[in-house]
Amino acid sequence: MDSHEAQGYAHGDQHAQDRNPHASSSQWRHQESRAFAKYEAERAQPQPPSRHHHHHSIAREADARGNVSDLADFLNKSRISPEEADTRPPTEPKFKPVVLGATEAREVLNGEKSMADALAPESVPNDKEVAVGPLLNYRRMEGNQWVGSVLVVTRGGGREQSHRPSLFLRKAAMVSMSNGNGAANGHSSESRVSESQGICLYSDWRNTFWRFDLHLEMEPYETKWEYWLSDYLVFASNTKPKVNAFFVPAITESMRIMFHSCNGFSVGTDEEDWSGPCLWNDVMRRHQEAPFHVMIGGGDQIYNDGVRVSGPLRTWTSISSPKKRRNFPFPESLRAECDDYYLNNYIRWYGTEPFAAANGQIPQLNIWDDHDIIDGFGSYVDDFMRCDVFRGIGGIAHKYYMLFQHHLPPPASTYTSDAIPEAKGETGQGTDPNQMIAAYVHPAMTEPNYVVGPSPGPYVAEHSHNMFTKLGARIAFLGLDARTERTRHQVNYPETYEAIFSRLRQELSHAIQIEKPYKHLILLLGIPIAYPRLTWLENIFASPLMGPVKLLNRRVGFGGSFFNSFDGSVDLLDDLDDHYTARTHKRERNGLILKLQQIAAEFSVRVTILGGDVHLAALGRFYSNPKLNIPLEEDYRYIVNVISSAIVNKPPPAAVANLLARRNRIHHLDHDTDETLLKIFDKDPGDSTKTAKHNQVTMPSRNFAVITENSPNNGTRSQNGNGFHTSSSPPSQSTPGETFPGHKDGRYALGKGEVNAGTKHKAADPTEHGTGSDGSLDVCIRIEIDQHNPEGRTEGYGLTIPTLSYKGPRPPTIAPPPGSAGSSGSRGTGGTGESDVPDVPEIPAGMR
């Protein structure tokens, strides 16, 4: 393990003595214990100075001031010099948020008072110090150009910036054709350096967000690019590399993909017992062997749940009555505290190694999920979701999601209960002068890689940002924002589906017209869509029989953390309601799958879905009823759901995974489509014992996924660094005219690409992965072997997804049948199948 890995997970700036003694390594604990929460609340209070304590990134109450004249004394009083750092109370942040009344804010905005005089502390943050970054994003392809961006967050700022940093970029090397391991041939003779000037996305007195746009001409061969920042920018860490590098695929090749989700720990987890985010060490090892061109985040890239335990919402969550919590206001003072918490948490987590190293070297594409906001956001009862506090933190989380994960400017203001009327032409929250008093916000940016939802979300008053982009030559990518518009009864608006599928048809049609058709469509949903049903558990948790238990919980605390701290429901119910397989989302889910089948048939493109959220690995598939005898290569209904979760968070107990495996039945989406999980886990990773012998479909261990095209160019010349090596494995799919007698039980191999799925498959072997030449996708889920090993070693489980060759008629548009939803039946499978037929045929209006 090199020095970079050895540093690994440093818990930010925390030391062992700062650990909460009530943190749990138990996989059974879904929520923190009461003892953990009590300890965090006590620790968040001011403590006597002690040289043995260190600063925690815990927000404390903001000091509201009625007069601007108090500000200078207030800021000078809380100024911290280096020699004072060791005597500072452990929970006191270096800077406190400043909160002004609306009157004072307007006076400054109208020029009646000078901002320089109002905000004139003896010292300010060093605006040349990098707080976090660089964070590298991939955005899109424009012709032969690769388009991306880099985000850097510096200390200090305001309405005007004293300098404008630059990023410098040069082509470092072509990837070797003979090594086959991603090694570079040294510096390119074309070492011309280009400059990208920083664009200020957002700035206030705490931090400034700089975006640097990258436009690169793609080459006939895979290329390594290097970039660095202006010399006067200073990194706080001495180990941070001054020069970062990333790889761009050859113009004729598709991207090598890494997929992950659930990149953080639940509150109350003993993080050291899980060796921190150690799987990122394995990601970087794989990146050294065969560089990833894109890193897809499927949601929960950060866990912000601590805002309710050690952050400014701890007082709110300690209120025992759900009704009082619902009516609690979210004034400007609380908004400022929560804003500070989310900002600091992003800076802390995105600066944590080895995740931070990946951020600067592998271009990202992200969608968000609930923990990027707070646990269960969108899946609680409607009247509670509309409370001031949830609307407030939803707006703040969206602000930093846009900045950190999309490199886009945020809205000018986020929600507060201090009502701000909407100005003409505004939607959602009106502009709040309190929030704009010393801040700069770049005008909204419009980019072609986004499909923006037509209407604001119900609880986050902003528009969803869905994505369409190319992942190289033959792979299209579609990412659904499944959180902004989510309620307990919907995932996305019908008009949003209409906009998304309209754009998708345009892109797929255009590719055919220019004779560069897509062979694969990767759809990112975040939450699994082909997954065992847990309706029986939903029924228990939502049953009226739980009423007396809930009452005892509210009155005397009976049941502890079995109930959530928000609307008082069973804690796991929001997770169940989140699932596409939940009864409240079944019609929308089934309609989405039918629409994807229509797209696959119309454009002869293979659809593959990525999903996370559930903290275990699995491989779900939709496929044609075996009675139809359709080869996978011609089956437009064959859609694989790669389920990879979590890369950091702890997995569920083995008993839960084994129970899910018992529930893995063959379901019937309609009379022609079946679905189930594949038996891919032929053994537990390494020498471990993680599952029961009967369980070969769910793996309760941390993981991430690697996806690589078996390029048609392999075996002739290698533009993506695979050399002249041709796989010695059998072909992954049938040749024309040849059929594979797939198993009649869909839990076993349905085609050649699924034969020997698991550790013995070629896709699981790094030397064979992606070396075929039939255009199929090799998928490898890399499973953690030992949670106590800080190197994060993994074992691979693989299968191959064939391309689609379909020339038959398009499937008809399905209309809803008469009758009520929610019933179920069997299609004569001897008890091994469950039919969803009564619920299937309704497609949301915007998707028809």
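Predicted model: local features only at pLDDT ≥ 70, side-chain atom pairs only at ≥ 80, totals over all residues.
Me: What span does helix 14 reach from its first C-alpha to its last?

Reply: The expected span of a helix is 1.5 Å times one less than its number of residues. Helix 14 (residues 494–513) has 20 residues and reaches 29 Å, close to the expected 28 Å.

Me: Which residues of helix 14 are buried, and why do they line one face of the helix?

Reply: Buried means under 20% relative accessible area, exposed over 50%, and partly exposed in between (1.4 Å probe, protein chains only). In helix 14 the buried residues are T496, Y497, I500, F501, R503, L504, L508 and A511. Seen down the helix axis, the buried residues of helix 14 fall within an arc of 160 degrees, so they line one face; the arc is that of the directions from the helix axis to the C-beta atoms. The face turned away from this buried side carries the exposed residues Q506 and Q513.

Me: Against which elements do the buried residues of helix 14 pack?

Reply: Contact means heavy atoms within 4.5 Å. The buried residues of helix 14 pack against helix 18 (586–603) and several strands, including strand 18 (475–479) and strand 19 (520–526).

Me: Which way do the residues of strand 18 point?

Reply: In a regular strand the side chains alternate between the two faces of the sheet. From strand 18, I475, F477 and G479 point one way and A476 and L478 the other way, and all are buried.

Me: How many bridges join strand 18 to strand 19?

Reply: Two strands pair if DSSP finds at least two bridges between them. Five bridges join strand 18 to strand 19, and these strands run parallel; the partner of I475 in strand 19 is H520. Strand 17 and strand 18, in contrast, pair in the antiparallel sense over four bridges.

Me: What unit do strand 18, helix 14 and strand 19 make?

Reply: A crossover is right-handed if, with the strands pointing away from the viewer, the path from the first strand over the helix to the second runs clockwise. Strand 18, helix 14 and strand 19 make a right-handed β-α-β unit.

Notes. Residues numbered from 1 in each chain as written. Heavy atoms only, no water. Helix = DSSP H or I, 4+ residues; strand = E, 2+ residues; numbered from the N terminus.
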